[in-house]
Each structure stands twice: as structure tokens, then as C-alpha cells.
Amino acid sequence: MRKLLVFTLTLLSITAHSQSVITGIIKDSLGNALSSTSVTIKGSNAFSLANDKGEFGIRTKTPPPFTLIITAVGFKQQEVPVQEITTAPIAITLAENTEMTEMVITSRRRIETAQTVPIPI
């Protein structure tokens with residue numbers, strides 16, 4: 001009986017400390033996969049990057065509910081609430097960022113002069 005109790009407590013502690021995996025697919029408004037998209041859990045340092053097919057998998061010990069923050073260059077940042085962890089991947093569609101928030105223009109003017117060469121060429 002004591003062995004059964006120790007085994008049950010060990011199993012429960014392993015289950016309590018196990019990590020959950022959240023998977024998903026990130027696409028643009030045309031249905032094209034977005035690679036190198038960053039996925040983070042808000043308030044945590046857990047993150048993942050999407051592969052060439054737009055798929056990501058992020059491991060977390062944080063119990064739901066929590067929020068995923070998805071960012072990609074040229075697209076608006078999106079926050080996706082997660083209420084429960086399922087085996088089905090989360091489908092995320094990012095909207096293009098059409099607003100120009102910053103523009104940097106640089107220019108340089110160089111004055112050129114004819115150089116004198118001591119030897120005629």
C-alpha cells in the first residue's frame with residue numbers, strides 16, 4: 001500500500017511539473033505561410049520562431065489562460081488569448097501593416113576636385 005502511495009505521488013508531481021506544448025500555423029491574409037515569425041507568451045520568456053511552413057511549437061509551464069504575442073516584420077502585432085491547451089494547432093492570420101511609422105532619409109554631398117598628377121599620363 002505504501003509503494004502505491006509513493007508511486008501515485010511521484011506520478012502526480014511529474015504531471016504537475018511537465019511542460020505543455022502549444023502548436024500553431026501562422027499565415028498572411030492571402031493564406032501564405034509566414035516564416036521567422038516570433039511567438040512569445042506574454043509575461044514570460046518562453047518564445048518560438050515559425051519555420052518555413054509557418055508552423056511553430058512553444059513549450060510552457062504557464063497554466064492557461066495566457067496570451068500569445070505574434071510579431072513579424074511588415075505585419076501588425078497580434079495578441080491571441082489561449083484559454084486551454086489542446087492538441088489541435090492554433091490558426092493565426094496576421095494583417096499587413098500598411099502604416100509607415102518611421103522614415104529615415106540620409107544624404108551626403110561630396111565635393112570633388114580635379115587632382116594634379118606630377119607625371120603626365
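1. Basis of the note. This is a predicted model, in which local features need pLDDT of at least 70 and side-chain atom pairs count only at pLDDT 80 or more, while totals for chains, interfaces and linings use all residues. Residues are numbered from 1 along each chain as its sequence is written, and side-chain values use heavy atoms, with hydrogens and water left out.

2. Overall content. Of the 121 residues in the chain, 21% are buried; buried means under 20% relative accessible area, exposed over 50%, and partly exposed in between, with a 1.4 Å probe and protein chains only. Among contacts (heavy atoms within 4.5 Å) with a separation of 6 or more, 45% join residues 24 or more positions apart.

3. Asp28 is buried yet has no salt bridge, and Lys27, the nearest side chain of opposite charge, is 8.4 Å away. A salt bridge here is a side-chain nitrogen of Lys or Arg within 4 Å of a carboxyl oxygen of Asp or Glu; for charge, Lys and Arg count as positive and Asp and Glu as negative, with His and the chain ends not counted. The side chain of Asp28 does reach the backbone nitrogen of Asn32 at 2.7 Å, and a polar atom of that side chain lies 3.1 Å from the backbone nitrogen of Leu30. Beyond its neighbours within four places in sequence, Asp28 is in contact with Leu34, Phe75, Thr93 and Leu94.

4. The four-stranded sheet. An open, antiparallel sheet has the strand order β3-β2-β5-β6; strands pair if DSSP finds at least two bridges between them. β3 (47-49) and β6 (78-82) stand at the edges with a single partner strand each, so one side of each has no neighbour in the sheet. From one strand to the next the twist averages 20°, based on axes that are lines fitted to C-alpha atoms, with angles from 0 to 180 degrees between N-to-C directions.

5. Four bridges link β2 (residues 38-41) and β5 (residues 66-71) in the antiparallel sense. Val39 stands opposite Ile70 in β5, and Ile41 stands opposite Leu68 in β5. Leu68 also has a bridge partner in β6, namely Val80. β5 and β6 run antiparallel and are joined by five bridges. These two strands form a hairpin with six residues between them, and Gly74 in the turn has a positive phi of about 90°.

6. The three-stranded sheet. A further open sheet, with mixed pairing, has the order β4-β1-β7. Its edge strands are β4 (55-60) and β7 (90-93), each of which pairs on one side only. The twist in this sheet averages 30° from one strand to the next. β1 and β4 run antiparallel and are joined by six bridges; Ser20 stands opposite Thr60 in β4.

Notes
A polar contact is a pair of N or O atoms within 3.5 Å; within protein, one must be able to donate a hydrogen and the other to accept it, and residues adjacent in sequence count only if both atoms are side-chain atoms.
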